[in-house]
Amino acid sequence: MDQPLRIVVAKPGLDGHDRGAKVVARALRDAGHEVIYTGLRRTAQQIVETVRDEDARFLGLSSLSGAHAHLFPQVCKHLLEAGLNDVIVFGGGIIPHEDRSALHEVGIRAVFGPGTPTSEILDFIQQAFDKGNAGVGQDTTWHWTSSA
Amino acid sequence: MSEEIPLALNGDRRAIARVLSGLENGTITVEQALAGRQSDPSSTSWSTMAITGAPGVGKSVLVDALMTVWATNGTKVALLAVDPSSPRTGGALLGDRVRMSSVDNPAIKELVYVRSIATRSSSGSVPLIVEDMAAFLLVCGWEKVLIETVGSGQAELRCAAVADRIVVVEGPARGDGIQAEKAGLLELADIVLVNKADLDGAERHAGELKESFGLGEQQAPEVLLTSALHGSGVVEAAQALMGLESSGRALRARMRERLLGQHERRLIQHPSYNALLDALCEGTLDIRTALARIDDEADE
């Protein structure tokens, strides 16, 4: 990675808490990446347009509201419609383990729960980048197995 | 990357975003991107405008309000919003979008493009690559390109190198009348907007600025009051900015900043730049030797 990666960190839906998203954004910044933070309460469409216009390589979605099972796949669907197949999507927040396989199936490559060390997120970023085909619409079933 | 260029020229926003990244990363040159095209030299007077001023005076909210007015009137307007890169890690948190509503407004969003940019290795409040990125947006059909600089102080003039017009945003309670007397950025302003006019001290500060400009012999730039938060003065400011003439005061400073900036860019792109930095950190090299090596290799 010669150049910093551009990573959008987004808060979809009606969810007013962004401490987690800010912690992740800070860890990514401190690892030398360029993080574009969307702010709170964005629609799936707004998030995808931000990823498109900012030419982001990664998209991190944070949800604490319980609406992840609806909102995260919606974002992935809009990404594919916009031709952004190669964007690598990961998620985090309060996301029960039993909900995660459905998210992996729509192309989300990692889901991180509370207590995940930020170093693990950086390891995921590196590995997903190196794979070269971990985008949301790309042909792989690979996903990261997170510790929390 | 080159296959993206024709798509971008047709207005494909994903392609535009990718070409801008190519320019920023140096994988594509501005000559390749423009391919001899020039932006339409239409009747309007300027193409690029820098919005600069101290951190926290309300540049982002004001820019958003201005873009909303212009786009509502049918003008295609792009924003290159610059935030600082960490001098330690090279990373950046680009947060200007948090304050942007125009880009999400269904009525006008097709006419608005916002791109966040980190300063990366360059010094100053604007990396020079912004000039190339703006030129590309102009040939892609954007009529006006705004450049929001890093929040900056009195002596930061690099924005003069990249923009046709300079707007300095001030806020209330920005010091006494002597601050307005000091030399620097304000001298290059083509117009001054005193934002947060809803707060105490804004009118007084605007008065001090006008008085200060009045002491000089050159033509004084206009000083307008705005409240981006409440919307007062924004339509008037948008109108004044759209027809803004160059004060002409900045020509020499503009050329100096261009020369300095391009010189710096050449230094940063020097193949030994990082190795020299490493050696300086380790103490195995002193500044004079480092400079001599750069000169030597430049001569070869």
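This is a predicted model: local features need pLDDT of at least 70, side-chain atom pairs count only at pLDDT 80 or more; totals for chains, interfaces and linings use all residues.

Residues are numbered from 1 along each chain as its sequence is written, while chains are lettered from A and ligands numbered from 1 in the order in which they are written.

**Stop 1: chain A**

Select chain A and colour by secondary structure. You get 5 helices and 5 strands, with helices (H or I, at least four residues) and strands (E, at least two) taken as DSSP runs numbered from the N terminus. Along the sequence they go β-α-β-α-β-α-β-α-β-α. The C-alpha trace spans about 35 × 30 × 25 Å along its principal axes. A compact globule of 148 residues would have a radius of gyration near 15 Å, and the 13 Å of chain A agrees with that; the radius is taken over C-alpha atoms, and the globule rule is 2.2 Å times the number of residues to the power 0.38.

Now for contacts, meaning two residues whose C-beta atoms, placed from the backbone, lie within 7 Å. Of those in chain A with a separation of 6 or more, 75% are between residues 24 or more positions apart.

**Stop 2: strands β4 and β5 of chain A**

Select residues 88-93 and 108-112 of chain A. These are β4(A) and β5(A), and the two pair in the parallel sense over 4 bridges; pairing takes at least two DSSP bridges between strands. Phe90(A) has Ala110(A) in β5(A) as its bridge partner.

Buried means 20 or more other C-beta atoms within 10 Å of a residue's own; exposed means 12 or fewer, and partly exposed is in between, with C-beta atoms placed from the backbone.

**Stop 3: where the chains meet**

Show both chains. Here 23 residues of chain B are in contact with 24 residues of chain A. On the chain B side, the elements giving two or more residues are α2 (13-25), β3 (92-94) and β4 (112-118). The largest share, 7 residues, comes from α2(B). By type, this side divides into 9 nonpolar, 8 polar and 6 charged residues (Ala, Val, Leu, Ile, Met, Phe, Trp, Tyr, Cys and Pro count as nonpolar, Asp, Glu, Lys and Arg as charged, the others, Gly among them, as polar).

Zoom in on residues 34-37 of chain A: this is β2(A), joined to β3(B) by 3 bridges, and the two run parallel. Val35(A) stands opposite Leu93(B).

**Stop 4: helix α4 of chain B**

Select residues 59-72 of chain B. This helix has 13 of its 14 residues buried, so the rest of the structure largely encloses it. Click on Val61(B), which lies in α4(B): it is buried, with 20 other C-beta atoms within 10 Å. Leaving out residues up to four places away in sequence, Val61(B) touches Arg99(B), Ala228(B) and Leu229(B). Just after the helix, Gly74(B) takes a positive phi of about 95°.

**Stop 5: the core**

Which residues touch the most other members of the largest nonpolar core? Select Leu80(B), Ile147(B) and Val167(B), out of 128 residues in that core. α4(B) gives the most to this core, with 9 residues. A nonpolar core here is a set of buried Ala, Val, Leu, Ile, Met, Phe, Trp, Tyr and Cys residues joined through C-beta atoms within 7 Å. Finish at Val167(B): beyond its neighbours within four places in sequence, its contacts include Met49(B), Ile191(B) and Leu241(B).
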